[in-house]
Amino acid sequence: MPITTRALIDAGSVVPMLIGGEWIPSFASNLREVTNPVNERVIAQIAYGGEAEARAAADSAGEAFRSWSNTSTRYRSDILWRAYELIMERANDIGALLALETGKLLPEAIGETRFSAEYFRWFAEEIRRPQGEVFASEDRSRRQLSISRPIGVAATLTPWNFPISIQARKIAPALAAGCTVVARPSEKAPLAVAELFRALIDAGIPNGVINLIYGPASAQSNALIDHEAVEVVSFTGSTPVGSALMRQASNRIVRCALELGGDAPFIIFADADINKAIEGLAIAKFRNNGQSCIAANRVFVASSIMDEVCERLGKLTESMKIGDPLGDGKVDLGPLIDQSRVRDVERIVQNATDSGAYFLGGTPEVPDGRNYTRPGFLVNASDDSALAREEVFGPVSGVFSFDDEEEVIQRANNTTMGLAGYAYTSDQGRVWRLSEKLEVGILGINHPLPSVVYSPMGGLKRSGLGREGANEGLHEYLETKYVSIGVEGL
Ligand code: NAD
């Protein structure tokens with residue numbers, strides 16, 4: 001009997017692994033609990049494997065690669081289109097699971113699910129466009145061209161914050177390119193990802209082409225990277241883990257695509273539309289309860305409008321409704337994923353307040369529950385405080401004033417990270433200067449949601465390597481072959 005979304009939860013049943021086309025509910029009877037961050041109640045269990053499962057999954061993906069990589073682009077495109085349709089049809093149910101396991105707001109969770117579907121649609125189309133080039137040969141007796149081929153098995157290793165869309169952003173181009181996949185998502189949020197895999201199987205993905213495993217992160221990732229069939233590791237997560245994976249990948253010269261930490265500046269110039277800037281900041285900071293790699297992390301406000309902006313930010317946060325996203329009544333913010341995240345945010349806040357910083361506005365009502373924390377904006381933090389120097393990854397930001405454009409660009413760039421940035425201004429010349437001078441891979445000017453499936457997403461500096469989405473996203477899973485053909489009689 002197929003496991004439906006509801007049955008999965010109601011039965012408190014096991015989220016299975018998928019290896020070689022077999023759903024494996026409890027390999028070696030090893031299970032881990034999945035909890036609702038709102039109240040830490042157990043909502044499901046996952047089958048939890050080890051290195052053996054990683055190797056078995058890579059074996060099966062390696063085997064399946066032989067046939068999948070030889071299918072026509074039309075065939076793969078049709079299956080990906082079907083996956084898009086199925087995920088869209090199931091988006092409300094999958095979104096509800098996603099909200100339950102992560103604490104994100106329901107509209108955001110449904111939106112993320114629909115966004116995930118869009119990757120399958122985009123890459124179903126993109127793989128049908130021409131790949132490769134014919135060069136203008138300088139020699140009449142030769143014809144020279146490049147062709148591309150799928151690179152091999154892709155290991156897709158992902159975090160809990162956007163669990164379904166980050167896997168979709170990797171799996172869709174990999175499958176379109178002709179690669180097979182072993183996914184190791186975070187065990188903290190496995191439910192929506194399991195439904196993504198179910199939709200892909202229902203769409204007609206053959207056995208072994210996609211595999212899903214859970215288990216100890218480092219041991220399983222290393223087992224995958226060391227496996228002879230694996231040719232690319234696509235990881236999203238923190239910079240230290242990305243760096244460790246890259247070291248491991250160097251042993252076999254495995255390609256790495258890395259989407260890592262962020263430290264986004266959010267700059268409000270004096271000529272900005274302040275209403276739009278505050279609205280944009282609320283989204284760029286509080287989306288996903290502040291746990292986004294592209295979240296606004298340091299807010300810079302022109303000194304001439306600092307008082308007005310601070311007053312507005314104080315009012316915004318003190319009136320926020322915080323609570324269970326699936327409870328009665330609308331909330332603006334849910335819980336963080338777990339206590340370790342809360343502790344980390346509170347450490348950064350404590351460090352800032354110890355140095356004289358304070359929250360803008362009154363304290364909003366923060367519900368009981370260990371995974372809630374006070375959201376808000378702090379002023380007066382010193383430039384060397386943790387608030388000014390670290391990625392908060394929670395619903396808190398420092399607000400700093402600046403006097404001129406040169407200065408704020410220099411301060412915004414004063415970080416080892418370079419994932420995203422935002423600026424609000426009405427000066428068109430400044431738009432171009434910021435576009436060229438801010439050291440970020442993703443820049444939102446006068447709007448807070450730059451991510452779309454047809455944009456190349458990725459970071460500069462220590463924020464990563466490679467791009468996801470757009471045509472560039474496909475090339476993470478393809479490799480180029482150059483062919484030079486001697487031709488007589490021309
Ligand atoms: P994390 O690096 O701790 O975990 C990410 C994934 O890696 C999880 O599945 C985890 O189980 C696994 N992992 C943990 N330790 C590992 C190890 N030693 N070897 C192999 N895998 C390991 O990150 P996190 O705390 O879950 O997420 C927060 C970080 O991720 C932030 O820095 C954030 O900016 C970044 N992030 C980046 C993006 C992006 O697109 N650039 C998106 C989301 C999150």
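Trainee: How many aromatic pairs does the structure hold?

Mentor: This is a predicted model, in which local features need pLDDT of at least 70, side-chain atom pairs count only at pLDDT 80 or more, and totals for chains, interfaces and linings use all residues. Residues are numbered from 1 along each chain as its sequence is written, and side-chain values use heavy atoms, with hydrogens and water left out. Rings of Phe, Tyr and Trp (its six-membered ring) pair if their centres lie within 6.5 Å; planes under 30 degrees apart count as stacked, over 60 as edge-to-face and the rest as tilted. The number of aromatic pairs in the structure is 11.

Trainee: Which kind of pair do W160 and F393 form?

Mentor: Their ring centres are 5.8 Å apart and the planes stand at 80 degrees, so the pair is edge-to-face.
W160 lies in the loop between β8 (153–157) and α6 (163–177), and F393 in the loop between α13 (386–389) and β17 (396–402), 233 residues apart. Helices (H or I, at least four residues) and strands (E, at least two) are DSSP runs, numbered from the N terminus. The kind of pair formed by W160 and F393 is edge-to-face.

Trainee: Are W160 and F393 buried or exposed?

Mentor: Buried means under 20% relative accessible area, exposed over 50%, and partly exposed in between (1.4 Å probe, protein chains only). For both W160 and F393 the answer is buried.

Trainee: Which kind of pair do F300 and F400 form?

Mentor: F300 is in strand β14 (residues 296–302) and F400 in strand β17, 100 residues apart. F300 counts as buried at 3% relative accessibility, and F400 is buried at 6%. With ring centres 5.9 Å apart and planes at 40 degrees, the pair is tilted.

Trainee: In which sense do β19 and β20 pair?

Mentor: Strand β19 (residues 420–424) meets strand β20 (residues 442–445) over four bridges, and the sense is parallel. The chain gets from β19 to β20 through helix α15 (residues 428–437), in a right-handed β-α-β crossover. Right-handed means that, with the strands pointing away from the viewer, the path from the first strand over the helix to the second runs clockwise. Among the bridge partners, Y422 has G444 and A423 has I445, and the sense of pairing is parallel.

Trainee: Which residues have the most contacts inside the largest nonpolar core?

Mentor: A nonpolar core is a set of buried Ala, Val, Leu, Ile, Met, Phe, Trp, Tyr and Cys residues joined through side-chain atoms within 4.5 Å. The largest has 88 residues, and its largest share, nine residues, comes from helix α7 (residues 191–203). Another core, of 64 residues, lies apart from it and includes I268 and A423. The residues with the most contacts inside the largest core are F120, I171, L175, L200 and I210.

Trainee: Over which ring does the charged end of R374 sit?

Mentor: A charge sits over a ring if NZ of Lys or CZ of Arg is within 6 Å of the ring centre and within 35 degrees of the ring normal. R32 lies over the face of Y48, at 3.9 Å from the ring centre. For R374 the distance is 4.0 Å, and the ring is that of F359.

Conventions. Two strands pair if DSSP finds at least two bridges between them.
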